[in-house]
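Hi there,

Here is the structure I promised to send over. Have a look at it first, and then read on for my notes.

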Amino acid sequence: TLCCGLLMITGLMVRSLVHVAAQESKISTERLWAGRFSMYGRDFPDEESQRRGWRELSRRLEALPDVDSVGLISSLPGSWGTWETPFLLDGPGDSEQRALTAVADDRAFGLLGLAPQMGRVFTEADTRQAEPVAVVSRSLAARVWGNGFPLNRRLRLWPGEESERTVRVVGVVPDAPLGALRSGDDEVLY
């Protein structure tokens, strides 16, 4: 029975890998370099120190030869490391929904070729002191609002929790699946 179980697991893994290989990437990787780093712990204990660390890292990376631009995103399409955020539409009677979530800066969308299909992406003006805003993928907008207009609609993130906050949708970008093995991975809240 152990051999049958291992054979079945191997078959499922091969099938999953074939599925991933068949996915057509919408992102040009010809001149894209990706790295993963963590800004937590003693050196980056809070959000502000993390932001300063990111700005300094960006400045240093942009000073390297042949580097055109630097952007931050918490999870590249086709990779793991996303999380789901519960949300409600801002208004009475909505039931809780969930969406994959990725943190991105103002330059990440351009680097990944995700030009806004509607509205805009983040700008340098979208700081902690400004009104909280969000960008959504086309599939998430279609699921949540159907044929409705998503711009300037509000979402209550983490409803009922201490970290609850309301964001205003400012843009819709093309789908970029953040986890290649699950359906619905192109429904993303940035």
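Below is what turned up, going from the whole chain down to single contacts.

Please keep in mind that this is a predicted model.

**The chain as a whole**

The chain contains 4 helices and 7 strands. In sequence order they run α-α-β-β-α-β-β-α-β-β-β. Out of 190 residues, 31% are buried. If you take the contacts with a separation of 6 or more, 63% are between residues 24 or more positions apart.

In soluble globular proteins, nonpolar side chains tend to be buried together. In this model, the largest nonpolar core is made of 16 residues, and Phe-109 and Tyr-190 have the most contacts inside it. Helix H3 (108-111), strand E4 (133-137) and strand E6 (165-173) each supply two or more of its residues. Apart from this core there is another one, with 15 residues, including Phe-87, Val-136, Leu-140 and Val-169.

**Around Phe-109**

Which residues does Phe-109 touch, once those up to four places away in sequence are set aside? They are Ala-104, Leu-114, Val-121, Phe-122, Val-135, Val-173 and Tyr-190.

Two of these neighbours also come up when you look at rings. The whole structure holds 2 aromatic pairs. In the pair of Phe-109 and Phe-122, the ring centres are 5.6 Å apart and the planes meet at 55 degrees, so this pair counts as tilted. It brings together distant parts of the chain, with Phe-109 in helix H3 and Phe-122 in the loop between strand E3 (118-119) and E4, 13 residues apart. Phe-109 and Phe-122 are both buried.

The pair of Phe-109 and Tyr-190 is edge-to-face, with 5.0 Å from centre to centre and 75 degrees between the planes. This pair also links distant parts of the chain: Tyr-190 sits in the segment after E7, 81 residues apart from Phe-109 in helix H3. Tyr-190 is buried, as is Phe-109. Through these ring pairs, Phe-109, Phe-122 and Tyr-190 form a cluster.

**Helix H4**

Helix H4 covers residues 138-145, and its buried residues are Ser-139, Leu-140, Ala-141, Val-144 and Trp-145. Leu-140 is the one you have met already, as a member of the 15-residue core. The cover over the buried residues of H4 includes strand E1 (83-89), E2, E4, strand E5 (154-157), E6 and strand E7 (188-189). Just after H4 comes Gly-146, with a positive phi of about 60 degrees.

**Thr-101**

Thr-101 belongs to strand E2, which spans residues 97-101. Is Thr-101 buried or exposed? Its relative accessible area is 9%, which is under the 20% cut-off, so Thr-101 counts as buried. The side chain of Thr-101 has a polar contact of 2.5 Å with the side chain of Thr-85. The Thr-101 side chain also reaches the backbone oxygen of Ala-99, at 3.2 Å.

Best wishes

Conventions. Residues are numbered from 1 along each chain as its sequence is written. This is a predicted model: local features need pLDDT of at least 70, side-chain atom pairs count only at pLDDT 80 or more; totals for chains, interfaces and linings use all residues. Side-chain values use heavy atoms; hydrogens and water are left out. A nonpolar core is a set of buried Ala, Val, Leu, Ile, Met, Phe, Trp, Tyr and Cys residues joined through side-chain atoms within 4.5 Å. Buried means under 20% relative accessible area, exposed over 50%, partly exposed in between (1.4 Å probe, protein chains only). Contact means heavy atoms within 4.5 Å. A polar contact is a pair of N or O atoms within 3.5 Å; within protein, one must be able to donate a hydrogen and the other to accept it, and residues adjacent in sequence count only if both atoms are side-chain atoms. Rings of Phe, Tyr and Trp (its six-membered ring) pair if their centres lie within 6.5 Å; planes under 30 degrees apart count as stacked, over 60 as edge-to-face and the rest as tilted.
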